[in-house]
Structures are given as structure tokens and as C-alpha cells.
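Here is a short note for someone opening this structure for the first time. Please read the points with the model in view.

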Amino acid sequence: DTNIAYIVPDHNSVETLPVDLARSLRDLAADKEPDGIILDLRIMQGSTFPVIQMLSLFANGSTGTRYTRGAQQKTEVSGKQIGGSQDLPLVILIGDQTQGPAISFAAMLQDLGRARLVGVKTSALVAEPTIVNLPNTSLQLAIPSVEYRGVKGRALHRAGLIPDNDTQL
């Protein structure tokens, strides 16, 4: 008898995640706008998580800073209100399998006070790598090159992200 949207993104379809999530939120709100959203990122891994597009579903304005090896750039998003996504209470589930930019996304929303994080501490694998193909081999080299930090400027590549509520989910 709850009206909480529980969303588990497909970690194999990260490139369509913002569109899929927006569609799900619209569909849920068409029946009845939920009272809150739980976004389960416990098994979200990979370096292609669309941080900025996902932030636009839940935040508006300045969200932090994007760091590269040679520069830093403030991140601003134009928020999109889809099925109450900008206003509804938001809980993000994280865990020891959460890796990559998904950690930065959760941390940025935590820093803004927009989301509560529940679960266990994440890995420290946060950065998006630049992939270099090694000549005359089939090998690739992944060099950490991009990291997002929230408005509090926490560097998560050393210790990972600690949830607001530490539970053994």
C-alpha cells in the first residue's frame, strides 16, 4: 500500500538511461504521481554513465565541477520536471558494486541535499577513463581522465562514497 516508485536501471543500457528513466517517470505519473522515488544504483558500473543528463532529471542549476587532467569546469544543468522528478523525495541505493560516474551522480545529489543515500560504501573507482588502443596489439589502456565532484568538492577516488544510512542491503 505504498506509492513509491522503485526504479532499477538496466546497467547494460546506460546510453539510453536518461530517456528510459524519463519514460518510466511519465508512465508512473500518468497513473498516479508517486510520493517518492527510489533509484537503485547498487550494481551500476561502467564509465559511460550519463551524469549531466541524469542530473537534469533531479536537479537544476549548479551541481558541482567536472575535473579533467588539464582543466576544471562548473557543471550547470537545466532541470526537467518529469513526473515530479524535481520535487519528489529521492532515495538512491548504493553499494560496494556501484562504480564509475554513477558514484559521482549520487554524490552530487547528496551534496545538494536532493537525495538521501542508503546502502553501503561504494568502491573508489569513480573516474571516466580515456581509452587508448595500443599499436600492433589488441590491448587497450584505460587512463582515468574525468571526474565529477559535487558542490562540496569531495574527491571520491580515494575513499569512495559513504551513504547517509549504512545498511547491509
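1. Contact here means heavy atoms within 4.5 Å. With neighbours within four places in sequence left aside, Asp-40 is in contact with Tyr-6, Ile-7, Val-8, Pro-9 and Leu-93. Keep in mind that this is a predicted model.

2. Where does Asp-40 sit? Asp-40 belongs to strand β2, which covers residues 36–40. Is Asp-40 buried or exposed? Its relative accessibility is 7%. The cut-off for buried is under 20%, so Asp-40 counts as buried.

3. Two polar contacts involve the side chain of Asp-40. One joins it to the side chain of Tyr-6, at 2.5 Å. Another is made with the side chain of Arg-42, at 2.6 Å.

4. Now the overall layout. The protein has 3 helices and 9 strands. Starting from the N terminus, the order of elements is β-α-β-α-β-β-β-α-β-β-β-β. Along the principal axes, the C-alpha atoms fill a box of roughly 60 × 35 × 30 Å.

5. How much of the protein is buried? Of the 169 residues, 44% are buried. Consider next the contacts with a separation of 6 or more: residues 24 or more positions apart account for 74% of them.

6. Helix α2 spans residues 51–58. Of its 8 residues, 6 are buried, so the helix is largely enclosed by the rest of the structure. Which residues of α2 are buried? They are Val-51, Met-54, Leu-55, Ser-56, Leu-57 and Phe-58.

7. Asn-136 deserves a look. Asn-136 lies in the loop between β7 (128–133) and β8 (140–149). Its relative accessibility is 83%. Exposed means over 50%, so Asn-136 counts as exposed. Its phi is near 60°, a positive value in a residue other than glycine. Most residues other than glycine have a negative phi.

8. Last, the surface and the charges. The protein exposes about 9000 Å², and carbon and sulfur atoms supply 49% of that area.

Definitions and conventions. Residues numbered from 1 in each chain as written. Predicted model: local features only at pLDDT ≥ 70, side-chain atom pairs only at ≥ 80, totals over all residues. Heavy atoms only, no water. Buried < 20%, exposed > 50% of the residue type's maximum accessible area, 1.4 Å probe, protein only. Helix = DSSP H or I, 4+ residues; strand = E, 2+ residues; numbered from the N terminus. Polar contact = N/O pair within 3.5 Å; in protein donor to acceptor, adjacent residues only side chain to side chain. Areas by Shrake-Rupley, 256 points an atom, 1.4 Å probe, with all protein chains shown as cover.
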